[in-house]
Amino acid sequence: MPLLFNFTLEYTIRRVQVNQDGLKLNGTQQLLVYADDVNILGGSVHTVKENAKALIVASKETGLEANVDKTKYMIMSRDQNAGQSHSVKIDKISFERVEEFKYSYLGTILTNQNSIQEEIKSRMKSGNACYHSVQNLLSSTLLSKNLKIKIYRTIILPAVLYGCDTWLPTLREERWLRVFENRVLRRIFEPRRDELTGEWRKLHYEELYDLYCSPNIMHVIKSRRMRWAGHVAHTGEGRGMYRVLVGKPEGRRPLERPRNRWKDIKMDLQEVGCGGMDWIEMPKDRDRWWALVNVVMSFQVP
């Protein structure tokens, strides 16, 4: 049945005559499909509405129906009031407008401001839930420190860093992540008695990582980002993710300080002395690129 559904959905998608006013990014993108989820992209609410209507009509002809309760629309714009006067209504059915959208099975949150802040908060919330579920183990005197670190790296850290390959955290978000990791490590390594005062105190940052002896959470994020960049660069121009990565959106960036872009990965290369190199070309030498990924993982950044 899943195979038959996939064939039917593929057939339906290919028959849809969509409006060409889609997302202009190294080519025009109108429909993105993964499993049974369909994303409709457009330069205006009117375009999205037209393409959604065309898809719904084509789906009914093959016996498929859109799930009205799960179908939402979102307007991504720097203008907070953009699209306030618009609504999407098809065949007397009104679709809900949302300010953020979460892919339930992928666990990724998209916001109308194209910010990863909510995604990082959600990941840290999941990490906190994992942390509290194993808190007694991390405090137990029956387990060795090495085993507690393994619990952290195999249970807690993956929950926090899911999808971090595409993150570009701000300094504030980096601080959130460091504070979270420090809290877990302090639970593992316990307080230390001060030699001068004789009082128990928390371990300082430097003391924690001397004991931890593993890359900190920001090093892990940077190395995974570089690993993903190498993968995308290897796929070549024929793949959609490569075209989206190297494409240049139409329009101009705002006058205020612009956001960092994910492709500003060159900053990670600067830390290891390779800032002047073309990171699109470098991954073609796999051995050299993986060596750089490992260097970034262990590089000491203040």
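This is a predicted model: local features need pLDDT of at least 70, side-chain atom pairs count only at pLDDT 80 or more; totals for chains, interfaces and linings use all residues.

The protein has 302 residues, and 36% of them are buried. Its secondary structure consists of 11 helices and 11 strands.

Let us move to the interior. In soluble globular proteins, nonpolar side chains tend to be buried together. Here, the largest nonpolar core holds 30 residues, and the members that touch the most others are Ile156, Leu161 and Leu177. Two or more residues come from each of α3, α5, α6, α7 and α8. Helix α5 provides the largest share, namely seven residues. As for Leu161, beyond its neighbours up to four places away in sequence, its contacts are Trp167, Ile217, Val220, Ile221 and Arg224. Another core, of 12 residues, lies apart from the largest one and includes Val232, Leu245, Ile280 and Met282.

Finally, how do the axes of α3 and α6 cross? They come within 11 Å, at an angle of roughly 5°. Because angles under 35 degrees count as roughly parallel, α3 is described as roughly parallel to α6. Residues of α3 in this contact include Ile120, Met124 and Tyr131, while those of α6 include Trp176, Leu177 and Phe180. By class, the contact comprises seven nonpolar, three polar and five charged residues.

Terms used
Residues are numbered from 1 along each chain as its sequence is written. Side-chain values use heavy atoms; hydrogens and water are left out. Helices (H or I, at least four residues) and strands (E, at least two) are DSSP runs, numbered from the N terminus. Buried means under 20% relative accessible area, exposed over 50%, partly exposed in between (1.4 Å probe, protein chains only). A nonpolar core is a set of buried Ala, Val, Leu, Ile, Met, Phe, Trp, Tyr and Cys residues joined through side-chain atoms within 4.5 Å. Contact means heavy atoms within 4.5 Å. Axes are lines fitted to C-alpha atoms, for helices over the stretch in contact, and angles run from 0 to 180 degrees between N-to-C directions. Angles under 35 degrees count as roughly parallel, over 145 as roughly antiparallel, 65 to 115 as roughly perpendicular and the rest as oblique. Ala, Val, Leu, Ile, Met, Phe, Trp, Tyr, Cys and Pro count as nonpolar, Asp, Glu, Lys and Arg as charged, and the others, Gly among them, as polar.
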